[in-house]
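Work through the exercises below with the sequence and the 3D view at hand. Each task is followed by a solution in steps.

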Amino acid sequence: MGKRLSDMLDEFHYHEAMDRTAMLTHMVDSYLMQHPVFKAEKEFAEKIEHAGMLLAEAYQIIGDLSCKRSENIKKNNGRTKKK
């Protein structure tokens, strides 16, 4: 049976995912929330703001996963090192 995709990811994949999420979060704010239509139309603005909040939450989750994976890698490397 093949490896799961999550088992093939390394720390750089998570770093890249965080970078892309941060970029999109910034774009939502800069290009949508700051646009006059979204400032004038509160119904739309609330939806866009919610999307930005979800992206920010995803960023935090990805960062947490990245830290946990790094800690696990360090623990496992410590066990396999020769003395």
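**Exercise 1.** How many residues apart are lysine 68 and aspartate 64 in helix α4, and what does this separation amount to along the helix?

Solution. Lysine 68 and aspartate 64 both belong to helix α4 (residues 42-80) and are four residues apart, so about one helical turn separates them. The model is a predicted one. In it, the closest N and O atoms of lysine 68 and aspartate 64 are 3.1 Å apart, and the two residues form a salt bridge. The cut-off for such a pair is 4 Å. Lysine 68 counts as partly exposed because its relative accessibility is 45%. Aspartate 64, at 38%, also counts as partly exposed.

**Exercise 2.** Which residue meets arginine 20 in a salt bridge, and at what N to O distance?

Solution. The partner of arginine 20 is glutamate 16, with 2.9 Å from N to O. These two residues lie four residues apart in helix α2, so they are separated by about one helical turn. Arginine 20 has a relative accessible area of 46% and is partly exposed. Glutamate 16 is partly exposed as well, with 37%. By the salt-bridge rule, the count comes to two. As a general point, side chains of opposite charge can pair when their charged atoms come close.

**Exercise 3.** Which residues make the nonpolar surface patch of about 410 Å²?

Solution. The patch is made by Met23, Leu24, Met27 and Tyr31. To place one of them, take leucine 24, which is in helix α2 (residues 11-33). With a relative accessibility of 41%, leucine 24 counts as partly exposed.

**Exercise 4.** How many helices and strands does the protein chain have, and is the chain compact or spread out?

Solution. The protein chain has four helices and zero strands. Its radius of gyration is 19 Å, whereas the globule rule gives 12 Å for 83 residues; the chain is therefore more spread out than a compact globule. Along the principal axes, the C-alpha atoms fill a box of roughly 65 × 30 × 15 Å. Buried residues make up 13% of the 83 residues. Among contacts with a separation of 6 or more, 68% come from residues 24 or more positions apart.

**Exercise 5.** Where in the protein chain is confidence lowest, and where is it highest?

Solution. Start with the average: the chain has a mean pLDDT of 88, and 90% of the residues score at least 70. Confidence is lowest in helix α1 (residues 5-8), with a mean of 78, and highest in α2, at 95.

Definitions and conventions: Residues are numbered from 1 along each chain as its sequence is written. This is a predicted model: local features need pLDDT of at least 70, side-chain atom pairs count only at pLDDT 80 or more; totals for chains, interfaces and linings use all residues. Side-chain values use heavy atoms; hydrogens and water are left out. Patches are made of residues with over 30% relative accessible area and no salt bridge: like charges are joined within 9 Å, nonpolar side chains (Val, Leu, Ile, Met, Phe, Trp, Tyr) within 5 Å. Accessible areas come from the Shrake-Rupley method with a 1.4 Å probe; for residues, only the protein chains shown count as cover. A salt bridge is a side-chain nitrogen of Lys or Arg within 4 Å of a carboxyl oxygen of Asp or Glu. Buried means under 20% relative accessible area, exposed over 50%, partly exposed in between (1.4 Å probe, protein chains only). pLDDT is the predictor's confidence in each residue, from 0 to 100. The radius of gyration is taken over C-alpha atoms; the globule rule is 2.2 Å times the number of residues to the power 0.38. Contact means heavy atoms within 4.5 Å.
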